Amino acid sequence: MAEQKHNSQPRAAARASATFDEYTLSEIRRAASTGIYDIRGAGAKRALPHFDDLLFLGASISRYPLEGYRERCGTEVTLGDRFASKPLQLKIPITIAGMSFGSLSGQAKEALGRGANAAGTSTTTGDGGMTQEERGHSKLLVYQYLPSRYGMNPDDLRKADAIEIVVGQGAKPGGGGMLLGQKINKRVAGMRSLPEGIDQRSACRHPDWTGPDDLEIKILELREITRGEKPIFVKIGGSRPYYDTALAVKSGADVVVLDGMQGGTAATQNVFIEHVGMPTLACIRPAVQALQELDMHRKVQLVVSGGIRNGADVAKAMALGADAVSIGTAALVAMGDNDPRWESEYNALGTTAGSYDAWHEGRDPAGITTQDPELAGRLDPVVAGKRLANYLGVMTLEAQTIARACGKNHVHNLEPEDLCALTVEAAAMAKVPLAGTAWVPGTPVS
Amino acid sequence: MNTLDLQALGLRAVNSTLQDLEDGSNKTAWTVTNPMGQHAIACGLDKPMSVDILGHVGFYCGGMNKEADITVHGHAGVGLAENMMSGSVRVTGNASQSAGATGHGGLLVIEGDASSRCGISMKGIDIVVGGSVGHMSGFMAQLGHLVVCGDAGDALGDSIYEAKLYVAGSVDSLGADCIEKEMTPEHLATLTNLLQRSGMDADPKSFKRYGSARQLYHFDIDKADAY
């Protein structure tokens with residue numbers, strides 16, 4: 001009787017903890033069960049202030065728009081004309097970020113090249129060196145100069161169209177990497193001068209230089225080896241963008257590549273991806289400020305990456321001062337990564353389409369982040385390349401649409417004045433007014 | 001003998017003269033005078049030739065060398081012969097940090113001492129040091145041979161892969177996963193050959209060999225304390 005009375009009393013609904021949410025609980029159980037931290041691919045998944053928190057104002061009485069489908073809106077960009085005798089000329093301000101053969105299949109690298117060629121832009125090698133196929137399928141290829149120097153040689157250096165000295169990566173500023181043994185087949189191992197099948201550490205520090213003074217000399221050496229022809233990019237992870245940009249410029253970089261924490265990686269500890277670095281949105285203005293103070297804005301080009309998804313993101317990055325953007329994760333998705341057609345196989349791997357991030361394990365059903373011949377064979381490089389080209393084209397058209405609406409005849413003419421922010425955080429990071437106000441948090445009220 | 005005065009010509013002119021040498025040219029013997037400790041001298045050479053640099057050099061001398069035989073008659077700065085592919089680089093004096101870093105091939109001879117991280121991340125190069133090497137030498141060394149006729153500093157061969165290290169003198173400490181290994185007749189023959197090629201008057205039998213215990217080749221959480 002007493003029990004009946006108890007059950008009839010109203011009860012509060014079961015309440016999950018906001019602090020110990022479902023994901024957090026599962027991660028605690030996973031850690032307790034395995035004794036090892038979680039390693040995964042991709043970039044930060046947590047909600048972050050991002051380009052979605054910005055809006056374009058568009059033209060009005062005081063601003064004239066350009067006629068859509070009629071008036072020209074330029075998208076071409078030159079990268080590396082500060083010192084290099086042969087700067088990179090791109091038709092669109094969207095490049096393909098560095099991703100290695102090894103972390104990606106040969107078919108995926110070919111598809112990236114095909115897509116970029118069709119769109120008139122560049123691709124980038126990754127850790128592990130340059131493959132002949134990659135060079136052959138990419139009209140414009142940026143050769144990454146990484147701490148590991150896997151596969152590094154002067155012949156490939158001279159074959160490249162630009163050289164990107166990688167100091168950091170948005171997903172893991174201050175971190176190196178580990179390519180697990182299951183992705184180290186005979187060819188990958190040979191390119192890296194290591195035994196087949198063993199884990200391969202990618203170092204976090206360059207072996208022969210430390211700090212900006214050394215970097216300046218390293219850039220001198222690379223220019224000497226390539227006769228001053230190749231643009232030298234310096235890629236930094238988004239942690240101290242003001243100082244790192246200034247120091248890269250001081251060291252003689254032609255281009256600064258700035259990667260925010262939404263930028264992807266092939267394999268890193270989850271705790272690193274989610275808790276180290278700054279959001280892309282927070283990185284751009286400090287970097288641009290450094291360039292402006294050095295009178296180098298638009299002279300040393302700024303390429304921004306990390307979470308670029310559509311033409312609006314491209315246009316917003318331009319408006320904040322970038323010269324171009326770079327995409328990695330989005331390019332893989334365009335080619336077929338995380339596609340729902342493989343849902344049953346994702347389920348078998350304990351995940352679902354859209355959430356698959358075990359890129360380091362080499363079991364990618366889409367055949368992209370794998371060295372398994374059967375899986376890699378699923379990706380048709382021609383079809384995937386066409387999909388990437390379509391996607392790049394759409395992003396470019398979207399960016400042009402916005403630029404015209406703001407009265408700009410080139411995407412580079414977009415400016416912070418064209419933007420407002422939806423949140424106080426985004427307003428402070430992007431240094432544009434909160435929508436409907438003249439308030440830019442963090443700046444003195446005039 | 002063809003002479004290039006670096007002080008008069010400048011770095012680019014000296015390097016371009018050496019880099020642009022035509023195939024089959026009989027101008028295969030060069031002397032660089034007045035190097036003044038400048039950086040990136042004789043880097044990116046890719047043809048057979050001999051280059052004698054009369055004086056001290058800065059960073060990255062002989063960087064990414066292919067086929068050329070370069071001799072520095074003096075001391076060398078950081079990153080001597082970094083990422084060398086083939087050929088040879090010899091220094092009659094001492095070398096600063098990271099000598100032979102990431103080298104894929106060729107022979108680097110340092111007649112004096114080498115500072116820290118000598119042979120860091122080496123990928124097939126052979127390095128012979130007449131004197132001693134500093135700490136962290138052979139760090140993450142992948143392939144090739146590092147021969148030290150003197151002593152080695154702390155953490156020799158830390159996180160080493162398949163490179164082979166030979167030290168005649170004392171070793172302050174071994175790095176993670178680096179152990180002393182048996183000197184087999186094959187290893188002794190290799191060492192003897194390297195000493196002969198480099199002109200070092202050292203007794204091969206006085207050396208000990210070090211290499212990888214291969215315990216860290218696959219990440220194992222139970223071995224996390226080893227790092």
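I began with A:V256 and looked up what it touches (contact here is C-beta atoms, placed from the backbone, within 7 Å). Leaving out residues up to four places away in sequence, A:V256 touches A:V234, A:I236, A:T245, A:A248, A:A287, A:V300 and A:L302. This is a predicted model, so I kept its rules in mind: local features need pLDDT of at least 70, side-chain atom pairs count only at pLDDT 80 or more, and totals for chains, interfaces and linings use all residues. Residues are numbered from 1 along each chain as its sequence is written, while chains are lettered from A and ligands numbered from 1 in the order in which they are written.

Next I looked up the largest nonpolar core, which has 201 residues, and A:V256 and B:V147 have the most contacts inside it. Such a core is a set of buried Ala, Val, Leu, Ile, Met, Phe, Trp, Tyr and Cys residues joined through C-beta atoms within 7 Å. I call a residue buried if 20 or more other C-beta atoms lie within 10 Å of its own, exposed if 12 or fewer, and partly exposed in between. Helix 15 (residues 381-405) of chain A gives this core its largest share, nine residues.

**The sheet in chain A.** I went through the strands next (helices are DSSP runs of H or I, at least four residues; strands are E runs of at least two; both are numbered from the N terminus). Two strands pair if DSSP finds at least two bridges between them. I found an open, parallel sheet of eight strands in chain A, ordered 5-15-14-12-11-8-7-6. Its edge strands are strand 5 (94-96) and strand 6 (123-124), each pairing on one side only.

Strand 11 (residues 232-237) and strand 12 (residues 255-259) of chain A are parallel over five bridges, and A:K235 has A:V257 as its bridge partner in strand 12. Strand 6 of chain A pairs with strand 7 of chain A in the parallel sense over two bridges; there, A:T123 has A:L141 as its partner.

I checked how well strand 7 (residues 141-145) of chain A is covered, and five of its five residues are buried. A:L141, A:Y143 and A:Y145 lie on one side, A:V142 and A:Q144 on the other.

**Helix 2 of chain A.** Buried or exposed? A:G35 follows helix 2 of chain A, with a positive phi near 75°.

**Chain A overall.** I counted 16 helices and 16 strands in chain A. Buried residues make up 56% of its 446 residues. The C-alpha trace of chain A spans about 90 × 65 × 45 Å along its principal axes.

**Chain B and its side towards chain A.** I found 37 residues of chain B in contact with 23 residues of chain A. On the chain B side, helix 2 (11-19) and strand 7 (123-129) of chain B each supply at least two residues. Helix 2 of chain B gives the largest share, four residues.

Last, I looked at strand 11 (residues 208-212) of chain B, which pairs with strand 9 (residues 164-167) of chain B in the antiparallel sense over three bridges. B:R209 in strand 11 is the bridge partner of B:Y166, and also that of B:K181.

Notes
Contact = placed C-beta atoms within 7 Å.
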